[in-house]
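Student: I would like to learn how to read the strands and helices of a model, one feature at a time. Could you take me through it slowly?

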Amino acid sequence: MKSKVTNELWVVQSNEMASAQAVEKVKKTLLSLSLTDRRLMAMLIAKVDPFMQESEFPLMQVSVTEFQQLNGLESGGFRAFSALKDSVWTLMGTVIQFPDANNPKAQNMAQILTRGQYIEGEGYISVQLHPDLKPMLCDLKRDFFKYRLETLGRLHSVYALRLYEFLKSKENLDAKMIRLTVPELRVVLAIPEGKLKLFGDVRTRALQPAIDGVCKSTDLHCEAHLERGGRGGKVKAVVLRWSPQKAKAAKSCKAPKVGFKSLDAAGQAALWRWVCERYPRADRDPEIVGWIGVPPTLRDDLWQEWRDSLQPNLGL
């Protein structure tokens, strides 16, 4: 599947997918996923054809360029590729648990990814989603939600991302209001057990930053009201109210004013020597191979990295 600009992609998934629980005994769980991992997961979901008829998902390509765009990485192709590869490894080791669509008593457990593949120098990684996720991603008739993938690039915390997906999954509620107990709120925000034990910490370090992020960067406005009771006015529940608002304008990704093509033959040769010295995997005879097989976008990434980190005084 060819890469698309992130602002052209929509993340469409069932409500069950948003509330799927991690399997506690598996080392890698949804609660441990970083913001970068969750953005990659959303990117893969956005690439799914919701009307596919095949029983298994095809291999999908994720390029370093689109990964950089979604995560706000300005330069450094090899660093971005390493981060992308790490996120793929994480998703391959993550198992989720979700209700079976045909048997209300059954719970399914599945890895997010079943396969990953990368080719040195190609600038992308191919991955495959687990086929058991298909009922939550394809041919959805009801109980699903969607949002623009680029929205996640403007959310800068896992808590904000989780809150946003939760609210989008509840958009069918007429009242646009939901009451959550404190334990339920912790699940919604994906706060791991043992972290932020006091509600004051949950409020100041997770809930309020999440609300601020959603209000500032998405098409929803959200407020939280606390329900107190008992001795000392202990917080018993949180009531979330939300409403649609005008979507924030997407920030375009600025392309470098100059890049690899701005270098003359001597400059390209000098850059290639630096690449071979710094990255042993690229070590080869430049007179024979040179830049063959290195994608143009990766060439610009290398040029930027070389200029910024090693050659600050060349005036390039």
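Student: Which residue stands opposite Q128 in β7?

Tutor: Strands of a sheet pair through backbone hydrogen bonds, either parallel or antiparallel. Here R115 stands opposite Q128 in β7, and the strand β6 (residues 113-118) pairs with β7 in the antiparallel sense over five bridges. Two strands count as paired if DSSP finds at least two bridges between them, while helices (H or I, at least four residues) and strands (E, at least two) are DSSP runs numbered from the N terminus. This is a predicted model, in which local features need pLDDT of at least 70 and side-chain atom pairs count only at pLDDT 80 or more, whereas totals for chains, interfaces and linings use all residues. Residues are numbered from 1 along each chain as its sequence is written, and side-chain values use heavy atoms, with hydrogens and water left out.

Student: With which other strand does β7 pair in the antiparallel sense over four bridges?

Tutor: That strand is β3 (residues 60-63), where M60 has V127 of β7 as its bridge partner.

Student: How many of the six residues of β7 are buried?

Tutor: Buried means under 20% relative accessible area, exposed means over 50%, and partly exposed lies in between (1.4 Å probe, protein chains only). Six of the six residues of β7 (residues 124-129) are buried, so this strand is largely enclosed by the rest of the structure. Y124, S126 and Q128 point one way from β7, and I125, V127 and L129 point the other way. Q61, by contrast, counts as partly exposed because its relative accessibility is 27%.

Student: In what order do the three strands of the open sheet come?

Tutor: The order is β9-β11-β10, and the pairing is antiparallel. β9 (177-181) and β10 stand at the edges with a single partner strand each, so one side of each is left without a neighbour in the sheet. Between β10 and β11 there are 10 bridges, and C222 stands opposite W242 in β11.

Student: Where does helix α8 bend?

Tutor: The bend at a residue is the angle between axes fitted to the seven residues ending there and the seven starting there. α8 bends by about 30° at L207, and a proline, P209, follows within four residues. Among the buried residues of this helix are F199, V202 and A206.
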